[in-house]
Amino acid sequence: MFSYKAASKQHPEKINKMMTKTEKESLADYIIDLAKKNGANEVAVDISLESEVSLQFRDGEIEQLQESQQSGISIKVYADHKYSSHSTNDLRKDALKQFVERAVKSTRYLTADKFRELPEQKYYPKNLGRDLNLLDSDYKNISTEDRLNIAREIHDLAKAESDKIISVAAGYGDAIFSSFKAHSNGFSGHKEGTIFSTGAEVTVKDDDARPEDYYWVQSRFKNKFPSPEFIAKKAAQGALNKIGQSKIKSGAYNMLVENRAAIKLISMLLSPLSASAIQQKSSYLDGMIGKSIASEKLNIIDNPFITGGLGSRLFDGEGIAAKERTIIKDGVLQQYYIDSYYGKKLGMEPNGGSSSNLILNTGNQSVDEMMNRLGNGIFLTGFNGGNSNSTTGDFSFGISGFYFENGKLAKPINEMNLSGNAKDFWQQLMEVGNDPYPYSKWLVPSLVFEGVNFSGL
Amino acid sequence: MNLQDYLNLFGVSQETIRQVITEGLSKGGDYCDIFFQHSSSDYIGLEDNDVNRAHSNIDLGVGIRVLNGNQTGYSFTEVIAPETMKKAAHTAANIANSKSRLEIPVFSEHKPADYYRIKTPWEKVEIDQKIPYLQRINQKVFNLDSRVIKSKISFNNSTTYILFANSEGRITYDYQPMSQISVSCIAEQNGQREQDSFNLSGRRGIEFFTELNIERLANEAVKRTVALFEAGKPEAGEMEVVLAAGSSGILLHEAIGHGMEADFNRKEISIFSDKIGKAVAESFVTIVDDGTNANVRGSINIDDEGNDTEKTYLVENGIMKSYLHDRLSAKHYGVKPTGSGRRESFRHMPLPRMRNTYMLPGPHKKDEIIASVKNGIMAETFTNGQVMIGGGDFTFYVKSGYLIKNGKIERPIKDVNIIGNGPEVLKNITMVADDFQMTEGGWTCGKDGQGVPVSMGLPTVKVKQLTVGGY
């Protein structure tokens, strides 16, 4: 385990976009010291650096090429239980000093709140030695030409799928980041990692309309992308399949939700689980721990330790040690997401206020098998706007997808709404598929719901 | 502030800027611009009766863009020094690869308009001056209705300074203030909880938050929240929709505004590609996108490509008139830029974006419109919207409204999504009233990962048919 102890409390000489670990530690130490001298009791500092490249290839040429490096410092100040947070990217010596002084000064005007303090030391991780494998060590060797070739190949393959295609935009982006977090009551930790993304957006001709679809993937490693053929086909076929889309009659239908679209539904389920929503009485799941909030088909585990996972971490934004948590077991709510401030207000132990990698249990059937078993219904492949109300559970979303008959896709549909209340909706979950979408930090398979409400004609 | 003040603020000289632009064009690009930005923003928040949280942010940087035909090279740096800027310019320059080198003329100052003067700059307003506003609103909220159990209030303000120069010799600048107070309430009745909110936002100084506006913030937030106890759902399906005056302008933003952004049309991926000059709506329908409205959230003195902003007619008397252009699309179509090139910050390249999008008043009366509805809803408040540019399906989420049966308002409704098709909804606007209102809410529009402040407005409007989510 790494422990940091800086020798000097002087303003470090070297503050730039390439700071080493030790240089970040000295800078954090200087800021904590300065804030304390100005009257803070407790201080948390975050220093982050990131380099990024992104490009887009459209209709035969490079449309956009962007490269940048950025850095930022944020601090949380606690002065006699008064609290404020501040961030800046202006790291010039005088500007930084002024920033810290102003941060402490502005905190003085606020009302003291006895729950405002850094997390207790017992919640910090005991061991930071575990390697979650979040960094592609080959990152430095990637050239602009490599990046361009990925986007160009996806672009060319997608374009070749059909002469009905009007436009293809294929994108590629990657970033490498490092950060350091230090708390004045004894926590510090480094993080570093890489992230890669690529995909394509395809527009096709359909009389007056020009329906579009996209396929986009993310990974910690460049060589973990699916093949360019796969991405190109998914994006192009997605758009081509929309030709002739229209709405169908309003009513209750059985619904199969494609894995990558189902992520939006899980997000709707999770937002009322935050301790702030519970304490502020804006959650329809208030008081539901130990009770059924979904059909017994639903099991959700939050696992921060997946090797190479997009949401993997050893500690969260408050420095609280990550741990594997069961959120929903056989439809029964096990715990909320509790940060330290709202945890104290609620009289509950903090367990980390945000999600990491989510794993839904999977079933043993594919999309085709589930469609076959259902016979008729709506296969939902995309959302278009809409919203949900965490306080009441009401939701209403615009959708697109397909109507299927006798287990086969019958026609593309759009311009329809899916509406309901989450309390009933999650009890209508009948089946989970065998196909978790792997390019997201939330591993969600396709889901089947019984008799949900659609509005159309 | 004059040009020299802006140069001093960023610690640069015209000569340095010239050198950076020269570096940007060193690989044969046909245009280069440089965008300096300094923003400071502050937030204070009240929760559980105390102003017990504050946040501030400082953002400083410079973005350099090089164009080569329709291709864009872009880079930015947060360190404003000659070497770092030249390095960024060198990176952006790589989009081009030819031997030609452009001459950069002597810079000539372009003075921006002045659409949002405020009395006291936000940098001169300390936290202790703002705290009493939140405390007063909080007191009023709890005094108004005993069913209110929680109130959350926030005060946000920001100040942005921009300095812009390009390889055509233009140098210009802008000072952009912004502020917003938001009030959110939770009320409880017989075990049922409801939540709603209200906010006022604009390019305003602290003088905007008068006693009257403080009253409005508290009253509206409570009124909207407790009204939801009586609200239900409409039936699902197609029906007549009346859009109340004001924030219903979200219809225009989603149904037509995005589709009229010229980048989508230049690439032929908008449902409105090839519609200029064609009749798209009844003759009483005129829709504009305007950057010049005094102190309104979406107004800008110059756009983020250094061009003057204007009132652009998207649809005039039912005829489709003009797209919203940035430099690239204006060049493509051979027209004058419309002052619509905007970006979230120096981290992003500019794109054609909306400013304040609204419909001009029409010949009908609000009462006449409601009386004409056999079976439908009136949509009054909204949370968000979205559109598929090519397919044309747009949606917006109605937080509250009313059911209308046989010309009479029957009962309140809540939480329904509405979905329709852009060109079709334009054709289906059958009545437009004379009661135009611009919304004062804090709307932010997202596109390609960039958020920019916008506003919108509408008189009471009737749409013959839209699909309403319900059950």
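Residues are numbered from 1 along each chain as its sequence is written, while chains are lettered from A and ligands numbered from 1 in the order in which they are written. Since this is a predicted model, local features need pLDDT of at least 70 and side-chain atom pairs count only at pLDDT 80 or more, whereas totals for chains, interfaces and linings use all residues.

**View 1. The two domains of chain A and the place where they touch.** Chain A is split into domain 1 (21-239) and domain 2 (245-457), with bounds that come from an automatic or database domain assignment. Taken over C-alpha atoms, the centres of these two domains of chain A are 25 Å apart. Here 21 residues of domain 1 of chain A are in contact with 19 residues of domain 2 of chain A; contact asks for C-beta atoms, placed from the backbone, that lie within 7 Å. On the domain 1 side, β4 (165-183), β5 (187-204) and β6 (212-219) of chain A each supply at least two residues, and β6(A) gives the most, with three residues. Strands such as these are DSSP runs of E, at least two residues long, and helices are runs of H or I, at least four residues long, numbered from the N terminus. Sorted by class, that side of domain 1 of chain A has twelve nonpolar, five polar and four charged residues. For the classes, Ala, Val, Leu, Ile, Met, Phe, Trp, Tyr, Cys and Pro count as nonpolar, Asp, Glu, Lys and Arg as charged, and the others, Gly among them, as polar.

**View 2. A:Pro412 and its surroundings.** You'll find A:Pro412 in strand β14 (residues 408-421) of chain A. A:Pro412 is buried because 20 other C-beta atoms lie within 10 Å; the label buried takes 20 or more such atoms within 10 Å, exposed takes 12 or fewer, and partly exposed is in between, with C-beta atoms placed from the backbone. Setting aside neighbours within four places in sequence, A:Pro412 is in contact with A:Asn241, A:Lys242, A:Gly244, A:Gln245 and A:Phe402. A:Ile248 is 164 residues away from A:Pro412 along the chain, yet their C-alpha atoms are separated by 9.7 Å.

**View 3. B:Glu344 in its loop.** This residue sits between β12 (341-342) and β13 (351-352) of chain B. B:Glu344 has 19 C-beta neighbours inside 10 Å, so B:Glu344 counts as partly exposed. Not counting residues up to four places away in sequence, B:Glu344 touches B:Gln450, B:Gly451 and B:Val452. B:Gly362 is 18 residues from B:Glu344 in sequence, and 34 Å from it in space, C-alpha to C-alpha.

View 4. One of the bridges links A:Gln64 to B:Thr72 in β3(B).

**View 5. The two domains of chain B.** The assignment gives domain 1 (3-230) and domain 2 (237-468) in chain B, and their centres, over C-alpha atoms, are 23 Å apart. Their contact takes 37 residues from domain 1 of chain B and 27 residues from domain 2 of chain B. The largest share of the domain 1 side, six residues, comes from β6(B). That side of domain 1 of chain B has 13 nonpolar, 13 polar and eleven charged residues.

**View 6. Strand β22 (residues 461-468) of chain B and its partners.** Six of the eight residues of β22(B) are buried. Strand β8 (residues 237-243) of chain B runs antiparallel to β22(B), joined by six bridges, and B:Glu238 is the bridge partner of B:Thr467. Strand β17 (residues 408-421) of chain B also pairs with β22(B) in the antiparallel sense, over two bridges; there B:Ile419 is partnered with B:Thr467. Strand β18 (residues 429-432) of chain B is antiparallel to β22(B) too, with three bridges, including the one between B:Ile429 and B:Val463.

Key. Two strands pair if DSSP finds at least two bridges between them.
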